[in-house]
Amino acid sequence: MVNTIQQQLIYHTQQAVKALYDSDIPENQLTIQETRKEFEGQLTIVVFPITRFSKKSPEVTGAEIGAYLKEQLPELAAFNTIKGFLNLSLSDAYWTDVFKTHIIGESFGKFPSNGSKVMVEYSSPNTNKPLHLGHIRNNLLGYSVAEILKAYGYEVIKANLVNDRGIHICKSMLAWQRWGNGETPESSGLKGDHLVGKYYVQFDKAYKQEIDELMSQGFSEEEAKKQAPIIREAQAMLQRWEAGDESVITLWKLMNGWVYAGFEQTYDRLGVDFDKYYYESDTYLLGKDIIQEGLDKGVFFRKADNSVWIDLTGDGLDEKLVLRGDGTSVYITQDLGTAQLKYNDFQMDESIYVVGNEQDYHFKVLFLIFQKLGKPWASGLFHLSYGMVDLPSGKMKSREGTVVDADDLMDEMYQTAKKRTEELGKTEGLSDTEKEYLYHIIGMGALKYFLLKVEPKKRLLFDPNESIDFQGHTGPFIQYTHARIKSVLTKGAYSLDTPLVMPATLASSERDLIQLLYNYPVIIEASAKEFSPAQLANYCYEVAKQYNKFYHEESILKADEEELRVFRLHLSSATARILAGGMKLLGIAVPERM
């Protein structure tokens with residue numbers, strides 16, 4: 001979405017090139033951007049591409065184009081040319097009209113249905129351990145992207161593919177059988193996912209001891225890992241599960257049930273949800289019919305040992321195994337089947353997989369296979385790849401039991417928010433229940449904003465203390481700004497119904513704030529198209545920062561005239577509404593008071 005004035009500027013600049021230089025310049029060669037802060041103006045036309053038609057210096061060309069535009073566009077108050085940049089100042093009348101006609105309306109920033117359907121698959125936990133910091137980034141990214149796409153007009157299905165079978169859960173099951181003494185979440189007071197994770201760690205310790213013992217007897221490390229009795233027992237349990245052994249299935253259902261109850265508590269606290277759950281136990285046998293289809297079409301080939309492969313060397317990749325010689329699946333087999341199942345279920349136009357960047361190659365192969373199979377929906381597949389999250393203390397590890405647990409981290413965020421908020425004396429007049437809610441949303445706002453403001457592809461270092469700063473580039477700063485605006489509106493007895501009379505002239509901080517607010521739909525569109533909440537997160541920060549500048553430079557409640565006071569209250573209200581709306585799409589609540 002390009003704002004109307006930019007469309008007009010592109011059109012009139014094309015007309016200027018035609019009139020002044022008797023040439024046609026294609027629209028895609030014209031760039032209009034926001035004017036840099038250190039220069040006068042709000043919008044800037046990049047002049048360099050036009051000089052090949054004018055055959056004049058960038059400064060002269062800019063001055064000639066500027067003079068032409070000023071004649072044609074009453075909205076243009078002034079212009080200046082600095083090197084190859086034509087900076088345009090739009091009139092206050094233009095900005096006040098934008099505010100009154102567009103921004104103040106309740107429908108501003110809302111998109112109609114675009115008739116397309118998209119699935120966003122995220123979370124994808126394993127049922128042998130609790131969610132950790134990496135899962136938090138995954139969940140927050142997936143949820144926010146889904147909400148942004150919904151706001152942009154898509155019908156969205158939020159999906160979660162749970163890895164609920166395999167050797168990992170058998171390890172926890174076997175350890176619980178050996179050492180659990182019938183322990184349950186109720187008897188231990190532990191969340192179910194934490195309890196099962198405890199036995200996964202116990203298995204790993206016992207496994208390591210057995211490997212060391214075998215190596216001391218002369219086995220190589222690789223051989224010891226294969227021959228350790230405990231891993232062989234876990235593999236035997238998996239085979240019994242796949243054969244439908246009733247006792248194994250019963251234990252598997254019991255322990256997975258504990259984990260799901262624990263996950264739901266974590267999801268609820270994180271503020272994420274799902275429309276559809278898929279379970280690997282239901283999908284792991286899928287995909288073999290697609291392998292046959294690929295063989296029939298000549299996309300796959302069979303080797304002498306009966307295994308099935310695809311040759312992707314012509315695409316710059318390598319040969320990839322898609323079915324073992326004994327007819328059993330590999331990961332990509334079931335991924336092929338699950339993708340087809342999801343499409344059969346929902347017929348979506350696009351399907352986004354939110355998965356860490358260690359799986360980049362896997363998804364290149366998966367999507368390429370679908371293209372070679374001629375699946376019409378293959379072009380709608382997208383891997384939203386994201387980088388790891390580190391803490392200042394170093395990279396997290398899971399099997400050693402030193403994982404940065406999601407629940408522990410959320411507890412820490414709550415306590416840090418409580419401490420900071422009380423130190424700043426921002427809880428006056430709040431009840432205990434209101435305080436608890438405030439600490440929760442500030443802690444979660446700090447965590448979510450810190451993880452979402454960075455482009456997904458980038459690896460990031462999460463510092464809990466830095467994230468809760470009421471003056472920095474943080475969630476709490478934006479939350480505090482929203483609460484500040486609400487306080488101003490309450491003191492000013494603001495009502496949306498109060499008639500608005502626009503001032504004849506605007507202060508620069510008012511003009512800059514209106515321009516920023518007007519960009520809201522543009523930012524939503526860009527964030528939706530790039531599957532990146534980072535743009536929206538950084539936009540919310542810029543709005544909060546600009547509002548605070550306006551707040552400090554211009555008197556709102558004690559404005560010289562009543563009409564000016566009402567206008568500034570309306571401007572404050574629109575800012576609060578856009579901040580609340582933008583933060584909601586990031587999954588972040590904003591307080592009414594603080």
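Okay, ground rules. Residues count from 1 along each chain as its sequence is written, and side-chain values use heavy atoms, with hydrogens and water left out. Since it's a predicted model, local features need pLDDT of at least 70, side-chain atom pairs count only at pLDDT 80 or more, and totals for chains, interfaces and linings use all residues.

Let's start with T13, in helix 1 (residues 4–21); helices here are DSSP runs of H or I, at least four residues, and strands are runs of E, at least two, numbered from the N terminus. Is T13 buried or exposed? It's buried, with a relative accessible area of 1%; buried means under 20%, exposed over 50%, partly exposed in between, with a 1.4 Å probe and protein chains only. A polar atom of the T13 side chain sits 2.6 Å from the backbone oxygen of L9. Leaving aside neighbours within four places in sequence, T13 touches L30, I45, I50, I65 and L69, where contact means heavy atoms within 4.5 Å.

One of those, I45, takes us to strand 2 (residues 43–46), which is covered on both faces: L43 and I45 are buried on one side, T44 and V46 on the other. Strand 2 pairs antiparallel with strand 1 (residues 32–34) over three bridges, and with strand 4 (residues 85–90) over four; pairing takes at least two DSSP bridges. E34 stands opposite L43, while T44 has N87 as its bridge partner.

Last stop: I136, R137, L140, L141 and S144 in helix 5 meet L447, K448, L451 and L452 in helix 17. Thanks, everyone!

Key: Polar contact = N/O pair within 3.5 Å; in protein donor to acceptor, adjacent residues only side chain to side chain.
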